[in-house]
Amino acid sequence: MHPSEFPSRSPGHRRRTIASPKLGFAALVILAGTLPSTCFAQRSPYTERDGRRIYLERCAVCHMPDGSGSSHTDNFNSFPPLTGMSEWMSLRQGQRYVAHAIIYGPYGGLTVNGKFYFGMMPRFRPRLDNGQIVAVIRYIAEHLNAPLPGYVPIDAKLVEEARRAEDTIDAVHEARYALPPR
Ligand code: HEC
């Protein structure tokens, strides 16, 4: 469920919980409803539809709605595709790298399927919370790529791990080059 739909925000629910004998818990629920969405990051309340919306609003302008990426000229391919990632998406380290890349915003160039892409991606660390990053990575894994047998969706714990990883482009590149090439 999206935090803006959290039931404790509805006035009816609020009245009922205040009247209930479990006042301590009710107060907690009401308080939780007033906190910013980042507080729900570990619970990953975002749905599949949220993942699609986040992708289309925040990523598709560069990576294209179908994840095919885009090239300006034959020699300058700025936006790498987010397709061809099924193998990474079936590996925990692959999911963690993708989260790290989204949080950090890589630059400096990378090779996908023998083609060099070069540009600069915005930094999403302050713009997306862990739950939103889970939702968008699930959208990439499950809709722009075909999940391999044994695929396990990323969880907020892994995104938090990526958030705490070294916040440098070298660390992002090191994580990428430890993966099988794509
Ligand atoms: C303004 C354009 C832009 C936007 C918006 C953008 N990206 Fe990127 N993205 C890039 C560029 C450019 C690169 C390659 C950077 C480089 O040169 O290393 C990249 C790289 C990546 C990579 C690394 C791919 C690899 O093979 O290692 C991932 C994953 C990624 N983007 C996901 C996303 C997601 C998810 C979003 C939305 C939340 C997003 N990007 C939004 C431009 C963008």
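Colleague: So a residue is buried if 20 or more other C-beta atoms lie within 10 Å of its own. Which residues of helix 7 are buried?

Modeller: Keep in mind that this is a predicted model. In helix 7, the buried residues are Ala156, Leu158, Val159 and Ala162. Those residues are on the same side of helix 7, because the arc they cover around the axis is only 160°.

Colleague: Which residues are exposed on the other side of helix 7?

Modeller: Lys157 and Arg164 are exposed there.

Colleague: And what covers the buried residues of helix 7?

Modeller: The cover includes helix 5 and helix 6.

Colleague: Why does isoleucine 154 count as buried?

Modeller: Isoleucine 154 has 25 C-beta neighbours inside 10 Å, and the cut-off for buried is 20 or more.

Colleague: Which residues does isoleucine 154 touch, not counting those up to four places away in sequence?

Modeller: Its partners are Gln95, Ala99, Val134, Ile137, Arg138 and Val159.

Colleague: What is valine 136 in contact with, apart from neighbours within four places in sequence?

Modeller: Gly51, Ile54, Tyr55 and Cys59. Alanine 99 is 37 residues from valine 136 in sequence, and their C-alpha atoms are 9.6 Å apart in space.

Colleague: New topic, the ligand. How many residues surround the ligand, and which are the closest?

Modeller: 27 residues surround the ligand, and the closest are Cys59, Cys62, Pro106, Gly119 and Met121. Helix 3 (48–63), helix 5 (92–104) and strand 1 (110–112) are the elements that give two or more residues to this shell. Helix 3 gives the most, with 5 residues.

Colleague: What is the shell made of, by class?

Modeller: The shell has 20 nonpolar, 5 polar and 2 charged residues.

Colleague: Which way does phi go for most residues other than glycine?

Modeller: Most of them have a negative phi. Methionine 64 is not a glycine, yet has a positive phi of about 75°. Asparagine 113 is not a glycine either, and has a positive phi of about 55°.

Colleague: Where is methionine 64 found?

Modeller: Methionine 64 is in the loop between helix 3 and helix 4. Methionine 64 is partly exposed, with 16 other C-beta atoms within 10 Å.

Colleague: And asparagine 113, buried or exposed?

Modeller: Asparagine 113 is exposed, because it has 10 C-beta neighbours inside 10 Å and the cut-off for exposed is 12 or fewer. The loop holding asparagine 113 runs between strand 1 and strand 2 (115–117).

Colleague: Zooming out, how many helices and strands are in the protein chain?

Modeller: There are 8 helices and 2 strands. From the N terminus, the order is α-α-α-α-α-β-β-α-α-α. Of the 182 residues in the chain, 29% are buried. Among contacts between residues at least 6 apart in sequence, 69% join residues at least 24 apart.

Colleague: Last one, what is the mean pLDDT of the chain?

Modeller: The mean is 82, and 73% of the residues reach 70 or more.

Colleague: Where does pLDDT stay under 50?

Modeller: Over residues 1–42, for which the model has 35 contacts beyond four places in sequence.

Methods
Residues are numbered from 1 along each chain as its sequence is written. This is a predicted model: local features need pLDDT of at least 70, side-chain atom pairs count only at pLDDT 80 or more; totals for chains, interfaces and linings use all residues. Two residues are in contact if their C-beta atoms, placed from the backbone, lie within 7 Å. A residue is near a molecule or strand if its C-beta atom, placed from the backbone, lies within 6 Å of it. Helices (H or I, at least four residues) and strands (E, at least two) are DSSP runs, numbered from the N terminus. Ala, Val, Leu, Ile, Met, Phe, Trp, Tyr, Cys and Pro count as nonpolar, Asp, Glu, Lys and Arg as charged, and the others, Gly among them, as polar. The arc is that of the directions from the helix axis to the C-beta atoms. pLDDT is the predictor's confidence in each residue, from 0 to 100.
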